[in-house]
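Biologist: Could you walk me through this model?

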Amino acid sequence: RGALGGKVALVTGGSRGIGAGIAIALAAEGAAVVVTYAKSADRAEAVVAEITSRGGAASAVRADSADVEEAVGTVDRAVAEFGGLDILVNNAGGGRLDPLDVATRDEIQWILDVNVRATILVTKQALLHLPRGGRIINIGSINADRMPVPGGSAYSLSKGAIAGFTRGLARELGPRGITVNNIQPGPVDTELNSSTGPLATAMFQHLALDRFGTVEEVGALAVFLAGPQADFITGSSISIDGGFGA
Ligand code: NDP
C-alpha cells in the first residue's frame, strides 16, 4: 500500500501521453485506476496491463469526452467497478493550434466540448461520489497564462477557463474537504506536442530549461496533489513548465 492505497481514481484520456503517465503514477502509489480513451483501445489496454502486471488494479473505458453522456457515464462506471471515487483527473484534451481565421467551427467546438464542457460536467457527476479528502485535478496548460506563438486563441481560452473553474469550484468544495487544483504543463513530450515535431523549435525558444518535460514528471505532481501532503492546496494553478511561463 502506497500513499494512495484504497483510493479510486478516474483519469480521462489515459491511453497515451500525460494521462497514461498520471494513471501509472497513481497506481504505483496504490490507487485503483479507471482510464478513459476515445480511439486508442490497444494503448488503453496496454496501460491497464502495465498497472496490473505490477500488482495494481485498473480498467479502461471507451468514452469520447466530446459526447456528454459517454463522458459523464464514466464516473458511474468507475464507482460501480471499484466501489467509489476519490480522485478525478480531468486530462482528456488537446486541440490544433490554428489561427482563428483558419480554424473550422468544428475544430473550435471540439476544443470547447472536450477541454471545457467535459471537464465541468464529469466533475459535476463526480461530486455525487467524492468523499471528504477527495481530489479534483484538472490538466490545464501554461498556455492559459502565456501563449507565445500564433494560433492558440481557442486552446488558450479553453485552458484559461479551466483555471477559472478551478478557483471557483475550490470555494464551493472547501467546506466539504475536497480540493480542486489545476496542473499547468508546459511542453511535455507526447504525441500532442512531440519534442521532435513541427512545433518543437518554437517551444525550445520559450523554455528556460533546455528540454521538454516528461509524463513521469507530471505524474509525480499529480501523485503529490492527490496525496495527504497536499491537503492545504486548493484553487491553485501549478505550473510544471520548464520555465516556459517565466
Ligand atoms: P495526447 O494527444 O498525447 O493524449 C491525449 C489523451 O487523451 C489520449 O489518451 C487520448 O485518447 C485522450 N483523448 C483525446 N481526445 C479524447 C476524447 N475526445 N475523449 C476521450 N479521450 C480523449 O495529449 P497529451 O497527453 O499531450 O495531453 C493531455 C492533456 O494535457 C491535454 O488536456 C492537453 O491539453 C494538456 N497539455 C499537454 C501539454 C503537452 O505539451 N503535451 C502541455 C499542456 C497541456 P485516444 O488515444 O483514445 O484518442
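The questions below cover the ligand shell, a helix and a strand.

Modeller: A note before we start: residues are numbered from 1 along each chain as its sequence is written. This is a predicted model, so local features need pLDDT of at least 70, side-chain atom pairs count only at pLDDT 80 or more, and totals for chains, interfaces and linings use all residues.

Biologist: Which helix gives the most residues to the shell around the ligand?

Modeller: Helices are DSSP runs of H or I with at least four residues, strands are E runs of at least two, and both are numbered from the N terminus. Among the 31 residues around the ligand, Gly 13, Gly 17, Ser 40, Gly 93 and Thr 190 come nearest. The most, three residues, come from helix 1.

Biologist: How many of the twelve residues of helix 1 are buried?

Modeller: Buried means 20 or more other C-beta atoms within 10 Å of a residue's own, with C-beta atoms placed from the backbone. The buried residues include Gly 17, Ile 18 and Leu 26. Helix 1 is largely enclosed by the rest of the structure because the buried residues number eleven.

Biologist: What is the handedness of the β-α-β crossover from strand 4 to strand 5?

Modeller: Strand 4 and strand 5 pair in the parallel sense over four bridges (pairing needs at least two DSSP bridges). The chain crosses between them through helix 4 (residues 105-126). Right-handed means that, with the strands pointing away from the viewer, the path from the first strand over the helix to the second runs clockwise. This crossover is right-handed.

Methods: A residue is near a molecule or strand if its C-beta atom, placed from the backbone, lies within 6 Å of it.
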